[in-house]
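Visitor: I am new to this structure and would like a close look at a single part of it. Could you take me through the sheet and whatever packs on it?

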Amino acid sequence: MFATLAVVMGARVVYEGLRHGSLPSLIANSPMQILVFALSAAASSVASLGFMLMCNDRLNRELEWYATIDTLTGINNRRTLGERATFAIAAAHRLRRPLSLMLVDADHFKRVNDVYGHAAGDEALQMIAAALQSTLRGGDLLGRLGGEEFVVVLPDTDETAARGTAERLRAAVEDIEFALQHRRIELRVSVGLAVIDDHDDFSELLRRADQAMYAAKRAGRNCVCGPSDLTQGPVVVAANFGESADAGRRPL
């Protein structure tokens, strides 16, 4: 709008100069003067309205960002994670394609908060999220479920491929250089895998991944546990122990 008004002002100078041989008074009555003053008044109103619309658009984008992104880690929050995971699972069912879901939980995370403070815990979560994000493919979905738990959805991925991805994620977190007070803090994660089956939804996949992750905790932490592991000796004992009356007290 301002650029258009500048062009009109330039045309006004040329028009009045050619018409009179010299520039008349700035407020002389002429068709060009009337047009310029009318456009100036309209431009002020339109520019003000446009500025308000631009501010409103920026505010809406910021609100949308806060509504979909976990502000601490910069990845999908729980609500967005559920929506996008549900869409990916529905697509896998429709196309009859494999899909895997991973639940990633930081080991001994409470110890970091207790010893070094919650600011250190927040920094650790940010570094874990960045390590996970950098290891995943572009089409994979990563979100923070809450606390120190992260969820990864891997479209077109069976258990074998998902296990390889999970091991890379685990190793990426293990390689994080995180130090406070001149002391290196080891960051580790336990990963539970679940593979899509007929009629599975997000909550069911998450429940099975949670069971597998719980078994990984009981098996020693800093490891990956999938569906095939739950039928094997030591892990079955760990999983059964986790489903006892003490199951609500998840190891950290």
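Guide: Gladly! A word on terms to begin: two strands count as paired if DSSP finds at least two bridges between them. Please keep in mind that this is a predicted model. The protein as a whole has eight helices and seven strands, and five of the strands form an open sheet in the order β2-β3-β1-β6-β7, with mixed pairing. At the edges stand β2 (141-146) and β7 (224-225); each has a single partner strand, so one side of each is left without a neighbour in the sheet.

Strand β1, residues 99-106, runs antiparallel to strand β6, residues 189-195, and seven bridges join the pair. One place to look is Ser100, whose bridge partner in β6 is Val195.

Next come the helices. Helix α6 (residues 159-174) packs on the sheet, where it touches β1, β3 (149-155), β6 and β7; the direction of α6 makes about 165° with that of β6. Helix α7 packs on the sheet too, touching β1, β2, β3, β6 and β7, and its direction makes about 140° with that of β6.

Let us stay with α7 for a moment. This helix covers residues 202-218, 17 residues in total, and spans 24 Å from first C-alpha to last, close to the 24 Å expected. Its buried residues include Phe202, Leu205, Leu206, Met213 and Tyr214, and Lys217 is buried as well. Just after α7, Gly220 takes a positive phi of about 130°.

Technical notes
Residues are numbered from 1 along each chain as its sequence is written. This is a predicted model: local features need pLDDT of at least 70, side-chain atom pairs count only at pLDDT 80 or more; totals for chains, interfaces and linings use all residues. Side-chain values use heavy atoms; hydrogens and water are left out. Helices (H or I, at least four residues) and strands (E, at least two) are DSSP runs, numbered from the N terminus. The expected span of a helix is 1.5 Å times one less than its number of residues. Buried means under 20% relative accessible area, exposed over 50%, partly exposed in between (1.4 Å probe, protein chains only). Contact means heavy atoms within 4.5 Å. Axes are lines fitted to C-alpha atoms, for helices over the stretch in contact, and angles run from 0 to 180 degrees between N-to-C directions.
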